Amino acid sequence: MGLIFKNPVLRLLNTPSEAWTDATEYMFWCCLGIPFTYGYGTLCSVLRGMGDSTRPMYIIAAAAITNMILDLILVWGLGMRAKGAAIATSLAQLVSFLFALIYLYKHRETFGFDFKRESFRIHKRTLRVVISLAAPLAFQQIAINISMMCVNSWVNVYGVVASAVGGVGSKLNSVCSIVTNSMQTAEATITGQNIAARNTDRVKRSLFTSTGICMIYWVVLSALFLLFPRAVFGIFSSDEAVLAMAGDYTFIMIWMFLTFALMAPVLGLISGVGNVRLNFVIALIDGVAARIGLSLLLAGPAGLGLYGYWWGNALAGFVSVICGWIYFATGRWKSRQLLTADV
């Protein structure tokens with residue numbers, strides 16, 4: 001669908017004409033890499049579910065190194081611009097998928113799956129449980145990403161500089177989410193294992209520990225961004241107009257990072273107990289009501305213009321933070337039933 005509808009999608013996002021060629025090429029090559037992203041994510045989730053979080057780290061480290069080397073060759077060496085960056089990313093995802101597949105195949109006895117053709121049959125009762133968990137989470141991600149796309153489309157109206165600043169911001173968000181997403185995944189895994197063992201005290205300890213790690217990471221990143229905003233932005237852009245907005249934008253970004261730090265662990269707990277419907281409701285409130293509503297309110301009636309969209313995008317995450325921690329405080333997660341009891 002991405003390959004077929006890339007042009008209409010980029011038009012909906014108000015992609016600046018100066019960036020059109022790079023944007024279409026980037027999206028084309030990134031779409032080709034999606035199957036490898038799915039494959040890697042699935043296989044490494046299996047490894048984490050078995051309690052092995054180290055192997056996925058090695059695999060993604062190999063992919064990251066591959067990505068950096070290919071970036072240097074394709075973008076810096078061959079001058080392929082955005083197209084080269086996208087090809088590098090897709091090939092790195094292929095590398096991570098192959099590494100994960102080879103590792104699981106070599107350890108198939110421990111893994112408990114023989115990779116024979118007849119073993120790929122779908123078990124209907126298990127499928128129902130998987131879909132009951134996956135569908136709300138899928139819609140959750142759709143809601144959040146669509147709301148972010150809406151905000152980006154409004155930002156793009158302000159021209160290529162505003163679009164470039166938002167692009168740098170997206171890369172910095174990725175840096176921040178390395179730790180917060182890892183803590184969310186770890187918390188979901190630990191919670192699931194300990195809910196099954198009915199060890200709720202360990203769930204609490206893991207939640208507070210992962211939140212503490214995220215907060216320490218937030219303090220370090222915030223200090224770095226506030227003290228050296230132009231240097232941080234300079235890693236991704238040398239455009240003076242973009243660097244001039246770095247200070248104001250990074251001040252907004254640290255509040256978004258704070259929501260990541262407070263939100264990721266508790267959302268991991270909610271996923272770990274299998275309450276994905278609550279995650280879905282939170283995503284709708286966060287993405288549709290808060291992010292879009294706040295962005296329009298701050299950019300329009302509040303008169304903040306471009307910065308209003310960025311502030312709305314940053315502050316929306318506090319909705320998820322409040323909802324998630326209220327759920328934890330109620331203690332209702334302790335009484336969740338095992339979804340796999342009948343499988």
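The points below go from the basis of the values to the overall fold, the cavity and a few individual residues.

1. This is a predicted model, in which local features need pLDDT of at least 70 and side-chain atom pairs count only at pLDDT 80 or more, while totals for chains, interfaces and linings use all residues. Residues are numbered from 1 along each chain as its sequence is written, and side-chain values use heavy atoms, with hydrogens and water left out.

2. The secondary structure of the chain consists of 15 helices and zero strands, where helices (H or I, at least four residues) and strands (E, at least two) are DSSP runs numbered from the N terminus. The C-alpha trace spans about 60 × 50 × 35 Å along its principal axes. The radius of gyration of the chain is 21 Å, which agrees with the value near 20 Å that a compact globule of 343 residues would have; the radius is taken over C-alpha atoms, and the globule rule is 2.2 Å times the number of residues to the power 0.38.

3. Of the 343 residues, 38% count as buried, a term that means under 20% relative accessible area, with exposed meaning over 50% and partly exposed in between (1.4 Å probe, protein chains only). Among contacts with a separation of 6 or more, 73% join residues 24 or more positions apart, contact meaning heavy atoms within 4.5 Å.

4. One cavity of 30 Å³ or more is found in a search of the whole structure; on a 1 Å grid over the protein atoms alone, a cavity is a set of points where a 1.4 Å probe fits but cannot get out, and lining residues have an atom within 4 Å of a point. The largest cavity holds about 40 Å³ of space, a volume being the space filled by probe spheres set on the points, which are joined across faces, edges and corners. Its lining is made up of Tyr249, Ile252, Met253, Met256, Trp310, Asn313 and Ala314, and α12 gives the most to this lining, with four residues.

5. Ser153, in helix α7 (residues 124-156), is buried at a relative accessible area of 7%. Beyond its neighbours within four places in sequence, Ser153 is in contact with Leu12, Leu13 and Asn14.

6. Most residues other than glycine have a negative phi. Asn14, in the loop between α1 (6-12) and α2 (20-32), has a positive phi near 55° and is partly exposed at 32% relative accessible area. Arg81, in helix α5 (residues 81-106), also has a positive phi, of about 55°, and counts as exposed at 53% relative accessibility.

Definitions and conventions: 1 Å grid on protein atoms, 1.4 Å probe; cavity = no way out; pocket = protein on both sides within 12 Å on 5 of 7 lines; lining within 4 Å.
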